Amino acid sequence: MNRNRRNFWFAVCGTSLCFVLAMAGARAQSAAPQAPTSNAAAPRLAEEEFKNIQALKGIPAEQVIPSMQFIAASLGVECEYCHVAHANEKDDKKTKVTARKMIKMMMAINKENFDGHREVTCFSCHRGSTEPVSTPVIMDEEPKPRAEEAKKPENAKMALPAAEELLDKYLGAIGGASALQKITSRIQKGTLTAFGGQHFPMELYSKAPDKRVSIMHLQNGDSVTAFDGKQGWLSVPGRVHMMSPAENDAARIDADLYFAAHVRTLYQKFDVNSGEKVDGHETYLVVGRSEGRPPLRLYLGKDSGLLLRLIRYAETSLGRNPTQIDFADYRDANGVKVPFRWTLARPNGRFTIQIADVKGNAPIDDAKFAKPSEVVK
């Protein structure tokens, strides 16, 4: 598998492809972990699903790969830094032994000092480097104030709009609820830019209320990311990865054709703060919060009301994996404003999609969203 395709898989779903391809050799049994339901048995544990699990014993099996993603992002490395290629269960590398010690140390720090709450993570010290950052960094230039809020009057925060007002403005900015509900499907075609400026054609098919499939035509075959309303998957030729529950949650937000109307129902409460500039535009930051779930951060343009940036998090046993999506180049499409350019970024990389053509309410066969038959367990 070439490096470009592996990196693209990592950028799209946050999963380095070597993690996925090595699962068959690392799993103790072939059955993939299933999302628990009210009538289902408890989810399988890591040690029941994977071979030679030690530091992560007791966590759900579905959390093993996301936890590895978090370590990789925190240290700025890939799988082979700790694992033997195609034999993840082996302990041949010293870095893997060290990683286990660090995980136990981190858990002990949180247990003994923060009542078991996860306050310290791998990233707290590593900051994207294999060596912990233990010495203050000398800046190349004079440090800037951390926040301009310190210069604002103390009552500035009181002047912030209510979350409901900002979400209403966002819905109105794209055309309103009535115009949005008239859209039953959307086909978008454009170009993906990644790997140092390489360009690849892509198509995106969306069908109300929450089905979506994107197809990236890469040099060595198509890369597909899909969600059928219940289950998502990612594939490259000959390999398929069924999404975990956390990945499904993210895919469901992306696939929601009526997200602007539904977002206020997705979280129990919303907070408002002044946001950072996004592509030169001043923003309000609206943060959705629910008990037991990571937050959702929405950066809404102060002038336009449009969604300019979305940051979501996937919870793992070791920390949160962030995904940032910037939206730009809004244009009218069948009475609704849609972004014609978006950039998806994670700690390991990013790619940009520029849309050239949009067709609204075009017929899309449900077969387009059919699950693949070949699955990597």
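Analyst: Across the whole structure, a search finds 2 aromatic pairs, where rings of Phe, Tyr and Trp (its six-membered ring) pair if their centres lie within 6.5 Å, with planes under 30 degrees apart counted as stacked, over 60 as edge-to-face and the rest as tilted. Please keep in mind that this is a predicted model, in which local features need pLDDT of at least 70 and side-chain atom pairs count only at pLDDT 80 or more, while totals for chains, interfaces and linings use all residues. Residues are numbered from 1 along each chain as its sequence is written, and side-chain values use heavy atoms, with hydrogens and water left out.

Let's begin with phenylalanine 195 and phenylalanine 200: their ring centres are 5.7 Å apart and their planes meet at 70°, so this pair is edge-to-face. Phenylalanine 195 is partly exposed at 22% relative accessible area, whereas phenylalanine 200 is buried at 5%. Here buried means under 20% relative accessible area, exposed over 50%, and partly exposed in between (1.4 Å probe, protein chains only).

The other pair joins tyrosine 267 and phenylalanine 270, with centres 6.2 Å apart and planes at 70°, so this pair is edge-to-face. Tyrosine 267 is buried, at 9% relative accessible area, and phenylalanine 270 is buried too, at 18%.

Elsewhere, lysine 368 lies over the face of tyrosine 205, at 4.3 Å from the ring centre.

Phenylalanine 270 leads us on to valine 286. Leaving out residues up to four places away in sequence, valine 286 touches Phe270, and also, among others, Ala163, Leu166, Leu167 and Leu298; contact means heavy atoms within 4.5 Å. Val286 is, with Phe259 and Leu298, one of the residues with the most contacts inside the largest nonpolar core, which has 53 residues. Such a core is a set of buried Ala, Val, Leu, Ile, Met, Phe, Trp, Tyr and Cys residues joined through side-chain atoms within 4.5 Å. Helix α8 (residues 163-173) supplies the largest share of this core, 6 residues; helices (H or I, at least four residues) are DSSP runs, numbered from the N terminus. A second, separate core has 19 residues, including Phe50, Val64, Met106 and Val120.

Key
Helix = DSSP H or I, 4+ residues; strand = E, 2+ residues; numbered from the N terminus. Lys NZ or Arg CZ within 6 Å of the ring centre and 35° of its normal.
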